[in-house]
Amino acid sequence: MNPLILTILLTSLGLGTTITFASTHWLLAWMGLEINTLAIIPLMAQRHHPRAVEATTKYFLTQATAAAMILFAGLTNAWITGEWTIQQMTHPLPTTMVTLALALKIGLAPLHSWLPEVLQGLELTTGLILTTWQKLAPFAILLQMQHTNPNLLIALGLLSTLVGGWAGLNQTQLRKILAYSSIAHLGWMILVLQYSPSLTFFTLVIYFIMTFSAFLMFKLNNATNINTLATSWTKTPVITSLSPLILLSLGGLPPLSGFMPKWLILDELTNQEMNALATITALSALLSLYFYLRLSHAMALTMFPHNLTASTPWRFTQNQLSLPLATSTTLTIFLLPLTPAVISLISL
């Protein structure tokens, strides 16, 4: 892609998210979401491959449907209450409509079926943008809203954690596995949203760091399915040695960074006297942990059966920068000791 066009598209992505961040009016927030959607569509379709075009079309139709629901909900709220401010959405009808529309935008279950199919048709770099940056603007709106239907958020969050873990068990494509991982992590965030918005934001940041490491690791190995992970040791032995720690951090295993947000969320749910919900959520994390263990086994404990002595593609020099991966991997593995400082910041 032309560097000038790429710069314009990436700037538009940042502009759309910034507009939504700074907006308290529904029309401005909706406009920011639309700029964000229209900016990423050329990035998704840049390969000119039928699978990429199909994924782009699915994404556009899904986002257009969610945007129409958001606009209709804003109009309904203005008609009922006379207010266009996001914080003043207090009627249950428009609040429920907006919550479902934003759930469709970010891929919460049961409105999640588009996310694995779209992510499967994209390059890893574009998929990284889709699973990280594109979540910021909808979450900015969710954090501003007054949620009048707490049971809806609990249902969406619990179903997302279960679906994200259960549906990822039989997947062999890495991009689909990362999509279901995204669904499961978003479910954890939505569960605690109405009780501790700051904890939701913190969990989102930790998820971004861990997902950034996972995507860059697969991109460095040029891997798209589990079978190709067996050649990872030949390509990048150091990264392959660290890969189980990155994947198990995504699964929330102590003493890695991914354990911290899940522990804090379970603690908050227990403080809210929702012990059954906390137990089911903790058990659902075991499902996700299983397919992360599958990836770790395929990557670090499996060798490709035919080790050729000739020059092979995976021994070519990599052009990818290693500093971003090194930084995010360090944060993914070693942030857990900062838990007391994080708790003090959240409690402010």
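**Notebook: loops, ring pairs and record spans**

I started with H48, which lies in the loop between α2 (26-44) and α3. The helices I cite are DSSP runs of H or I with at least four residues, strands are runs of E with at least two, and numbering goes from the N terminus. The model is predicted, so local features need pLDDT of at least 70 and side-chain atom pairs count only at pLDDT 80 or more, while totals for chains, interfaces and linings use all residues. Residues are numbered from 1 along each chain as its sequence is written, and side-chain values use heavy atoms, with hydrogens and water left out.

**Positive phi**

I then looked up its accessibility: H48 is exposed, with a relative accessible area of 71%. Here exposed means over 50% relative accessible area, buried under 20% and partly exposed in between, with a 1.4 Å probe and protein chains only.

I found E273 in the loop between α13 and α14 (275-300). E273 is another residue other than glycine with a positive phi, near 60°. Its relative accessible area is 71%, so E273 is exposed.

**Cis peptide bonds**

I looked at the bond from A109 to P110 and found it cis, with omega near 5°. P110 sits in the loop between α4 (92-106) and α5.

I also logged a cis peptide bond joining P254 and P255, with omega about 5°. P255 is in the loop between α12 (237-250) and α13 (259-271).

**Aromatic pairs**

I found four aromatic pairs in the structure. One of them is Y59 with W114, a tilted pair at 5.8 Å centre to centre and 55° between the planes. Rings of Phe, Tyr and Trp (its six-membered ring) pair if their centres lie within 6.5 Å; planes under 30 degrees apart are stacked, over 60 edge-to-face and the rest tilted. Because Y59 lies in helix α3 (residues 50-81) and W114 in helix α5 (residues 114-120), the pair ties together parts that are 55 residues apart in sequence. Both Y59 and W114 are buried.

I next took F291 and Y292, also a tilted pair, with 4.8 Å centre to centre and 55° between the planes. F291 counts as buried at 0% relative accessibility, and Y292 counts as buried at 1%.

**Record spans**

I checked the unreviewed UniProt entry, which places the feature "transmembrane region" at spans including residues 177-195 and 276-293. Its positions are in the numbering used here, feature names are shortened, and annotations may be inferred rather than shown by experiment. Residues 276-293 are 100% helix and 0% strand, with end C-alpha atoms 26 Å apart. Residues 177-195 are 84% helix and 0% strand, and their end C-alpha atoms lie 29 Å apart.
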